Every structure is written in C-alpha cells, then in structure tokens.
Amino acid sequence: MLWFETLSATGHGDVRAFLEWRLRHALSLSKAADALGVSRRMVAYYSNGEKRVPKPILLACRGWEVSEGLHQAA
C-alpha cells in the first residue's frame, strides 16, 4: 500500500491505476498485454513507472473490465 501512496504523491497516478487494475484481476505481464493489445515489454514499462501510462490504455483497462464483467455474467 505504501508503494501505491508513493506513486500518487509523486504524480504517478496513472501507474497506480494501471497496477491496481492488473492486481485486481491477477493479470501477469503477458495476460495484461494480451488483454490490451500491446507488447509485454510496454506493460512492464507501464507497471514499473518507466513510461507514463497513456490515457487510451487506462480507458482500455476500464473497457476490458466492463467486457469481462459481461462475459462472466453470461
């Protein structure tokens, strides 16, 4: 939790949101990459804060959650 608070406090809320999404759904780097249509390496960059997480990727995370929720409900 301290890591998440540090991310927010240092202006890396995008990384925090991305990591929370991955953890909430227990997604490995490879599974997150498949879900978002990006490379495993980009997911690693986003996860460790080396690159900022673009807004379209954060929106794709939300869309994936909605899509998965609909698939699981059916």
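Trainee: Is Arg 52 buried or exposed, and how do I read that?

Mentor: Go by relative accessible area: under 20% is buried, over 50% is exposed and anything in between is partly exposed (1.4 Å probe, protein chains only). Arg 52 comes out at 55%, so we call it exposed. Keep in mind that this is a predicted model, where local features need pLDDT of at least 70 and side-chain atom pairs count only at pLDDT 80 or more, while totals for chains, interfaces and linings use all residues. Residues are numbered from 1 along each chain as its sequence is written, and side-chain values use heavy atoms, with hydrogens and water left out.

Trainee: Which residue forms a salt bridge with Arg 52?

Mentor: The general idea is that oppositely charged side chains can pair when their charged atoms come close. We call it a salt bridge if a side-chain nitrogen of Lys or Arg is within 4 Å of a carboxyl oxygen of Asp or Glu. Here the partner is Asp 14, with the closest N and O atoms 3.6 Å apart. Asp 14 sits in helix 2 (residues 13-24) and Arg 52 in the loop between helix 4 (40-48) and helix 5 (55-73), so this pair ties together parts 38 residues apart in sequence. Helices here are DSSP runs (H or I, at least four residues), numbered from the N terminus.

Trainee: How many salt bridges does the structure hold?

Mentor: Three. Glu 20 pairs with Arg 16 at 2.9 Å between the closest N and O atoms. Those two are four residues apart in helix 2, about one helical turn. Glu 20 is partly exposed at 27%, and Arg 16 is buried at 16%. Then Arg 24 meets Glu 65, 2.8 Å from N to O. That one links distant parts of the chain, with Arg 24 in helix 2 and Glu 65 in helix 5, 41 residues apart.

Trainee: What about rings: how many aromatic pairs are there?

Mentor: Rings of Phe, Tyr and Trp (its six-membered ring) pair if their centres lie within 6.5 Å; planes under 30 degrees apart are stacked, over 60 edge-to-face, the rest tilted. The count is three. One of them joins Phe 18 and Trp 21, 5.8 Å between centres with planes at 35°, so it's tilted. Trp 21 also pairs edge-to-face with Trp 64, at 5.4 Å and 85°. Trp 21 is in helix 2 and Trp 64 in helix 5, 43 residues apart, and both are buried.

Trainee: Which residues do the ring pairs link into a cluster?

Mentor: Phe 18, Trp 21, Tyr 46 and Trp 64.
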